[in-house]
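Welcome! Let us take a friendly walk through a protein model, one topic at a time. Keep the picture open while you read.

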Amino acid sequence: MVAPEDLDAVVRAAQSGDEDAFRLLYRAQQPALLRYLRVLVGDDAEDIASEAWLQISRDLGTFSGDWDGFRGWTATVARHRAMDSLRATRRRPQFSATIEYFLDRRAPEETAERALELVATDAAVALIASLPRDQAEAVMLRVVFGLDAQAAGRILGKRAGAVRTAAYRGLRQLARRLEAAASTGPPVGDGVPGAGPPAPRQPSLRTGVTTSTTPALREVR
């Protein structure tokens, strides 16, 4: 994993036309960008991401900033592409599985922490996508991208305080849903049609996404 301070130099190299540097930026940013887009456009995420990267590669010379700024800029480009797609198709992402499908077992740990751990998985993306869109975007930008409230606010066109509130409410709602489903729903593979055996626990965000350290719930607030 490349340190953020080293990625600042990679951004500068990519702007000067270094193709290897651009590939490194792509590998570092694409996983988080895809998760964010899945919340916005569902199964169209990969297509929208491809369109976004075409624009990013074309306009990189006009960008000014470091790695943190680059992450925010790419999220903005991707969001604009996603909004254009939603306006054109007039539809929202659809997920066929229920919330209970994504629970592997009752978790003894605090449910808000469990919600944060799940963010690195596709299952968690589906859960987050079921939140109101303002909360879903705030959670993704703050937790997955690791952006601060000011940077996320610039992307969403909102004040930093509003982003903090939306992220906090989204995480609390996820925690309540996980807690309720764990107490009433069957584990995966036990009474869920079409489900296989319990899935192994997925890696936490700390090892699954190349972003800054996952904030605790109180820090997001």
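## Salt bridges: what counts

A salt bridge is a side-chain nitrogen of Lys or Arg within 4 Å of a carboxyl oxygen of Asp or Glu. Searching the whole structure turns up seven salt bridges.

A few ground rules come next. The model is predicted, so local features need pLDDT of at least 70 and side-chain atom pairs count only at pLDDT 80 or more, while totals for chains, interfaces and linings use all residues. Residues are numbered from 1 along each chain as its sequence is written, and side-chain values use heavy atoms, with hydrogens and water left out.

## The overall picture

How many helices and strands does the protein have? There are eleven helices and zero strands, and the pattern along the sequence reads α-α-α-α-α-α-α-α-α-α-α. Helices (H or I, at least four residues) and strands (E, at least two) are DSSP runs, numbered from the N terminus.

The protein has 221 residues, and buried residues make up 47% of them. Buried means under 20% relative accessible area, exposed means over 50%, and partly exposed is in between (1.4 Å probe, protein chains only). Contact means heavy atoms within 4.5 Å. Among the contacts with a separation of 6 or more, 74% come from residues 24 or more positions apart.

Let us return to the first pair. Aspartate 68 and arginine 71 are three residues apart in helix α4 (residues 67-89), which means that about one helical turn separates them. An α-helix has 3.6 residues a turn, so residues three or four places apart point the same way. Aspartate 68 is partly exposed, with a relative accessible area of 43%, whereas arginine 71 is buried, at 5%.

Helix α4 also holds aspartate 84 and arginine 87, three residues apart, about one turn of the helix. Their salt bridge has its closest N and O atoms 2.5 Å apart. Aspartate 84 is partly exposed at 44% relative accessibility, and arginine 87 is exposed, with a relative accessible area of 54%.

Helix α7 (residues 133-144) contains arginine 133 and glutamate 137, four residues apart, about one turn of the helix. Their side chains meet in a salt bridge of 3.7 Å, N to O. Is glutamate 137 buried or exposed? Glutamate 137 is buried at 2% relative accessibility, while arginine 133 is partly exposed at 32%. Both belong to a network of salt bridges that links Arg79, Arg133 and Glu137.

Two packed helices are described by the angle between their axes and the distance between the axes. Axes are lines fitted to C-alpha atoms, for helices over the stretch in contact, and angles run from 0 to 180 degrees between N-to-C directions. Helix α2 (residues 19-41) and α7 pack at about 175°, with their axes 10 Å apart. The two helices are therefore roughly antiparallel. Angles under 35 degrees count as roughly parallel, over 145 as roughly antiparallel, 65 to 115 as roughly perpendicular and the rest as oblique. The contact involves Ala32, Arg35, Tyr36, Val39 and Leu40 of α2, together with Arg133, Ala136, Glu137, Met140, Leu141 and Val144 of α7. These residues divide into eight nonpolar, no polar and three charged. Here Ala, Val, Leu, Ile, Met, Phe, Trp, Tyr, Cys and Pro count as nonpolar, Asp, Glu, Lys and Arg as charged, and the others, Gly among them, as polar.

What span should the 25 residues of helix α9 (residues 160-184) have? At 1.5 Å a residue the answer is 36 Å, and the end C-alpha atoms are 36 Å apart, which agrees. The expected span is 1.5 Å times one less than the number of residues.

Glycine 170 sits in α9 and is buried, with a relative accessible area of 0%. Not counting residues up to four places away in sequence, glycine 170 touches Leu131, Gln135 and Val139. Glutamine 135, in helix α7, is buried at 11% relative accessibility.

Helix α8 (residues 149-156) packs with α9 at about 95°, with the axes 8 Å apart. These two helices are therefore roughly perpendicular.
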